[in-house]
Amino acid sequence: MTSSALFSRIDTVIVRVRNLKQSKAWFQEVLGLAVAHEDTQENLVVFGLESGCSLTVWQLKEGEEVEDARRFQRSYPIFYSDDIQTVHQKLVEGGVKVTSIQGEAGDVRWFQFFDPDGNTFEVCQY
């Protein structure tokens, strides 16, 4: 069957950060992500995920700022987990700012967490 979709998948999600060195360590140590590619000229690190989609952490250039979340609708990645309770607990134990788990068991459950730059991420389980 031929698809009429213009795209076959999402390749990467970009997250802008203020300090690449600190953020790289945070994504590796706290989230357990592995570096797939690093570009020192562009100041970015690409973390590979099992799904094939990657997460690109890209340092802001001097004078650049992330949009004010109060003024703009922000997009954010949603990670899937088979065990949302354990992920939530590990993030809390790691000192990560997290929201409480929402939703009912047997249905979609989710929570949000935030990196050191205040970027929003979500975890879901269904």
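Me: What volume does the largest pocket have, and how is a pocket found?
Reply: Rolling a probe the size of a water molecule over the atoms shows where empty space is left. On a 1 Å grid over the protein atoms alone, a pocket is an open set of points where a 1.4 Å probe fits, with protein on both sides within 12 Å along at least five of seven lines. Grid points are joined across faces, edges and corners, and volume is the space filled by probe spheres set on the points. Here the largest pocket has a volume of about 790 Å³. This is a predicted model: local features need pLDDT of at least 70, side-chain atom pairs count only at pLDDT 80 or more, and totals for chains, interfaces and linings use all residues. Residues are numbered from 1 along each chain as its sequence is written, and side-chain values use heavy atoms, without hydrogens and water.

Me: How many residues line the largest pocket, and which lie nearest its centre?
Reply: Lining residues have an atom within 4 Å of a point. There are 27, with Leu 31, Leu 33, Leu 49, Phe 79 and Tyr 80 nearest the centre. By class, 16 are nonpolar, 7 polar and 4 charged. Nonpolar covers Ala, Val, Leu, Ile, Met, Phe, Trp, Tyr, Cys and Pro; charged covers Asp, Glu, Lys and Arg; the others, Gly among them, are polar.

Me: Which element gives the most to that lining?
Reply: Helices (H or I, at least four residues) and strands (E, at least two) are DSSP runs, numbered from the N terminus. α2 gives the most, 4 residues.

Me: Which residues touch the most other members of the largest nonpolar core?
Reply: A nonpolar core joins buried Ala, Val, Leu, Ile, Met, Phe, Trp, Tyr and Cys residues through side-chain atoms within 4.5 Å. Buried means under 20% relative accessible area (1.4 Å probe, protein chains only). Of the 18 residues in this core, Phe 27, Phe 47, Leu 55, Val 57, Phe 111, Phe 113 and Phe 121 touch the most other members. α1 gives the most to this core, with 3 residues.

Me: Why is β3 largely enclosed?
Reply: 4 of its 5 residues are buried, so the rest of the structure largely encloses β3.

Me: Which strands pair with β3?
Reply: Two strands pair if DSSP finds at least two bridges between them. β2 (residues 34–39) runs antiparallel to β3, joined by 5 bridges. Val 35 has Phe 47 as its bridge partner. β3 and β4 also pair in the antiparallel sense, over 5 bridges. There, Leu 44 stands opposite Trp 58.

Key
Buried means under 20% relative accessible area, exposed over 50%, partly exposed in between (1.4 Å probe, protein chains only).
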